[in-house]
Amino acid sequence: MMLIFEISKKGRKSDYLPACDVPLSALPQASKLRKDPPKLPELSEIELTRHYTRLAKQAFGVNSGFYPLGSCTMKYNPRVNEVTASNPNFMGIHPLQPLESAKGCREVLDLAESLLCEVTGMNAMSFQPAAGAHGEYTGLLLIKKYHELRGDHLRTKIIIPDSAHGTNPASAAMVGYSVVNIPSDANGCVDMDALKKACTDEIAGLMLTNPNTLGLFDPNILEITQLVHACGGLNYYDGANLNAIMGKSRPGDMGFDVVHLNLHKTFSTPHGGGGPGSGPVGCKNILKSYLPDSIMIEGRKPESIGQVRSFYGNFGIVVRALTYILSLGSDGLKAASETAVLNANYLMHQVKEYFPVAYDHVCMHEFVLTLEKTKHDKNISALDVAKGLIDYGMHPPTMYFPLIVHEALMLEPTETESRESLDQAAMAFKAIKEKIDMDPDALHAAPLSTPIGRPDEVNAARNPILRYTSK
Amino acid sequence: MSFPKELRYTKTHEWVKSQDDSVTIGLTDFAQKELGDIVFIDIPEVGDQVTAGVSFADVESVKAVSEVISPVSGIVTEVNEDLVDAPETINEKPYEAWIIKVNELGDMEELISAQEYEQLTKEG
Amino acid sequence: MGGYLPSTQNERNDMLKSIGYKDINDLYKDVPSQVLLKTDLSIPKGLSEMDVRSKLDGIAAKNIAFPVVMRGAGAYDHYIPAIVGSVTSKEEFSTTYTPYQAELSQGVLQSIFEFQTMICELTGMDVSNASMYDGSSSAAEAAMMCLDRRRQQVLVSQAAHPETIETIRTYCWGRNVPFNTIPVKNGLTDVEALKSMINNKTACVFIQQPNFLGQIEQADLLNKVTHEAGAKAIMGVYPTSLGMLKTPAEYDADIVTGEGQPLGLALNYGGPYLGFMACKKELTRSLPGRIVGETKDNKGNRAFVLTLQAREQHIRREKASSNVCSNQALCAMMAAVYMAAMGPEGIEQAAALSFHKAHYFAQELTKIEGFSLIYDGEYFNEFITSCPIDAKQLERALMEKGILSGLVLDNTMLWCVTEKLSKETLDDVVKTIREVCLI
């Protein structure tokens, strides 16, 4: 498809701004002015809008079809969320307005805080982190501050299971902690013997996702958090998988001291192709005074970790999430989680007829297949199956994650899929399985229904072309 | 897969060629196959110090990254600049695509023979 | 309420039975009974869509959206063409995930590639990433990408935005890296002070252009000192100003960051906003976050993919230099649509209007006794004045007239003017201030 720069024609434009109605002032010295105007595209509005309509046809959203991307909770994004968030009385509010003129915004943040604290069993929350990884980082900074203020400077290690998201160890490194990797046991849960050995007076804390990335709820959760507390560490809950347990169980009751949530997963705000999200951090009272806040309005709080970005975070996303929570209420949140878990088990039950589940056990909101045998026997990889599924009108599952499962495909159907769409997905897996048995090579060519075939990623990385350059 | 007899090997998949008081270090055929298509290597500069058992370079493929561990302590005297523009040479000719040459040698890690190394790769 | 569940309760009961369970709690059998909630959460029951809209509209009504905004300080009230919202509300864009599956996501990938190019054009830099959370965290990530074994100190101009300084300070504390601020002299980062502070341990120096006080920094002198010490020069820039002012590339900056909100994003009480980051070619592989690259597909067609991924956390884990794993793709698209709609002329026009209107307003305001410019250097569209009465009192008085005044800093005011304010409005504001100050 043509790039917007290739459609551009010199001199084309739209008139968005009026002529200057004030007397002109002297410009800054020539040495402070740019030499040439930026080479931005020049187009009429109709060309612009058609360009993006063409691009939209080559994008696939939750509204386009089934999107069982594990760990990403691609649930339906209710339209009313967009309507409430686009109220000019929210969108037009400057972040540095005097508080008395932004009472509604404060109420949104306060109300969302109290509701999400109830959902998670926490005491306080900050909305400053802009994404899940940003929330992890913030949560770990709270833990770092806690130990630092206690004069406990020897705690420089963080325990992370080998099934964790890659952001967990990367976030730990950003707060200067080294990682103690804990293997998973035969059931896919935390290996308790390894954990006991790891719990020393050098441990700052534990990072855990529960249910974990295999979609399994760790039955030893209370013992795990107690072991970490007993050695003087704190427990961090990665909220990526909260969609399984809203209204059923709370991280705060499991022994966690700090959590991050992904409002763009669990609380239905749109993913936007990779953002904007929101990764609020909640904590127990012992960590409350370390939470980040905007210094311009509140002043610098003496014990705060400081800011992790500007102002109050992605406020507009919080409005959407609040709308969702109020729409669902206690009954709806619980029903959402129960149905997410039911849908995952229902789909797993059918798909495992065709491909083995890595840990064959009742799952929470997601489950992981392993195609190791198919890869070995038929030279069909998880990637081939994923690409094959595209031709059945669905988005593929998450591939090659978690790392502890070879040739992994991770499926999270979410609660907002009907029985028919789950049945159709199962049929797609069945058809792929049949293809593998009949004519395995055909799958190497998939997908066939998309605007492009498989891209050459090696060439992209060896000879990076990261921008358009006019010829 | 080839394991040239005249070279010595590390358990972390580097090959080592000793000449007089200098050694040449590269990645083995086995290592390049495991990594897949190599897209980038970040190499040290002449004059840098390397330490036995410590990484001195990263090699990247599309979906993986691996450290190259120096089997010896010393000073880098030469680097293979050609790899910066053509990292795929490591895939194509792993035993010609040397990465660095080191002299003023100090501590040395334990090195193994081609036969022992081949055995090691089979054990996985 | 329903939780947007398409299946009926009967269907769900059937599905449960079909896989061999009786009760939904059979699926929660791994949850220890001590932590399985026995009662409902203590939050209200769900509301209908009609009720929830009414509730949220009621909350929004407690805000005052000022028709006249004269406050910037990191968030700017520029005109947003209607086309921006129209394009970015397309469901294919808003409801999709990070474009992992390139074959299904060419539209998203191409839009990011185009965004990267536009940021390069605007800043003059070689390479841009796919965007960051916001301007402050982008600045902090840029500082982190300059750290190496030998160079571990970060210097930040005291004239940068206070929240940017605060964010960089937090990131440095996290990494256990020394952090210092460079003092300000007469509204500008003090070049002599920088010379005395910088040394061979300094990784980078961050300055903001124009700075928080509105002044145009002597970025050439500052960056020269930084480079002579072997450190990296990072510049935080106000993108609209680049329609007029010298680019960071022309100032020889190594890395450029900034808040992209002025490029077509609403004020939104501070977010979602858009961080951007661009750099010289040789730093490409140190960039954090997503990057889209061009390649070919298996039939030789042009194709776009997420690339240089071996830098990132999902591959490098604890050895990654950043944990960033998303961008602000939809916000980046807003900025791209804005830049494409405005074009080179439109961006120049927005900059010129902001500049001239700010200077006109400053000239008229300082005709009132007691208002004078605190700094005498050149500025773009923000400036600080004294205030003859209690600045908070003036702020309150203007609020009652629907005017959000300049930001109160001690007893001075940091004013901002954009193209949205007509001469008539500016004259009215001056008239109102005159009346308030006379009483």
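Two residues are in contact here if their C-beta atoms, placed from the backbone, lie within 7 Å. The structure is a predicted model, in which local features need pLDDT of at least 70 and side-chain atom pairs count only at pLDDT 80 or more, while totals for chains, interfaces and linings use all residues. Residues are numbered from 1 along each chain as its sequence is written, and chains are lettered from A and ligands numbered from 1 in the order in which they are written.

**Chain A**

Domain bounds come from an automatic or database domain assignment. For chain A this assignment gives domain 1 (79–324) and domain 2 (329–457). The centres of domain 1 of chain A and domain 2 of chain A, taken over C-alpha atoms, are 29 Å apart. Contacts between the two involve 19 residues of domain 1 of chain A and 20 residues of domain 2 of chain A. On the domain 1 side, the touching residues of chain A are eight nonpolar, nine polar and two charged. In this division Ala, Val, Leu, Ile, Met, Phe, Trp, Tyr, Cys and Pro count as nonpolar, Asp, Glu, Lys and Arg as charged, and the others, Gly among them, as polar.

Helices (H or I, at least four residues) and strands (E, at least two) are DSSP runs, numbered from the N terminus. Chain A has 17 helices and ten strands. Its radius of gyration is 25 Å, close to the 23 Å that the globule rule gives for 471 residues, so chain A is as compact as a globular protein of that length. The radius of gyration is taken over C-alpha atoms, and the globule rule is 2.2 Å times the number of residues to the power 0.38.

Another cis bond joins F401(A) and P402(A), with omega about -5°; P402(A) is in the loop between β9 (398–399) and β10 (408–411) of chain A.

**Chains A and C in figures**

A residue is buried if 20 or more other C-beta atoms lie within 10 Å of its own, exposed if 12 or fewer, and partly exposed in between, with C-beta atoms placed from the backbone.

| Item | Chain A | Chain C |
|---|---|---|
| Buried residues | chain A: 62% of 471 residues | chain C: 63% of 439 residues |
| Share of contacts between residues at least 6 apart in sequence that join residues at least 24 apart | chain A: 73% | chain C: 72% |

**Chain C and its side facing chain A**

Chain C has 13 helices and 16 strands. It is divided into domain 1 (9–57), domain 2 (68–78 + 344–438) and domain 3 (82–337). The centres of domain 1 of chain C and domain 2 of chain C, taken over C-alpha atoms, are 53 Å apart.

Between the chains, 167 residues of chain C are in contact with 169 residues of chain A. Helix α11(C) gives the largest share of the chain C side, 22 residues. By class, that side of chain C has 78 nonpolar, 50 polar and 39 charged residues.

Helix α11 (residues 329–365) of chain C has 37 residues, but its end C-alpha atoms are only 41 Å apart, short of the 54 Å that a straight helix would reach at 1.5 Å a residue. The expected span is 1.5 Å times one less than the number of residues. A kink of about 95° lies at G343(C), shortly before the proline P344(C). The bend at a residue is the angle between axes fitted to the seven residues ending there and the seven starting there. Of the 37 residues of α11(C), 32 are buried, so the helix is largely enclosed by the rest of the structure.

**Single residues of chain C**

T307(C) is in the loop between β12 (302–306) and α10 (313–316) of chain C. T307(C) is buried, with 25 other C-beta atoms within 10 Å. Not counting residues up to four places away in sequence, T307(C) touches A460(A), A461(A) and P464(A), as well as I291(C), V292(C) and G293(C). The C-alpha atoms of T307(C) and V292(C) are separated by 5.6 Å, although the two are 15 residues apart along the chain.

Y269(C) has a positive phi of about 50° although it is not a glycine. Y269(C) lies in the loop between β9 (255–259) and β10 (275–279) of chain C, and is buried with 29 C-beta neighbours inside 10 Å. D410(C), also not a glycine, has a positive phi of about 50°. D410(C) lies in the loop between β15 (407–409) and β16 (412–416) of chain C, and is exposed with 7 other C-beta atoms within 10 Å.
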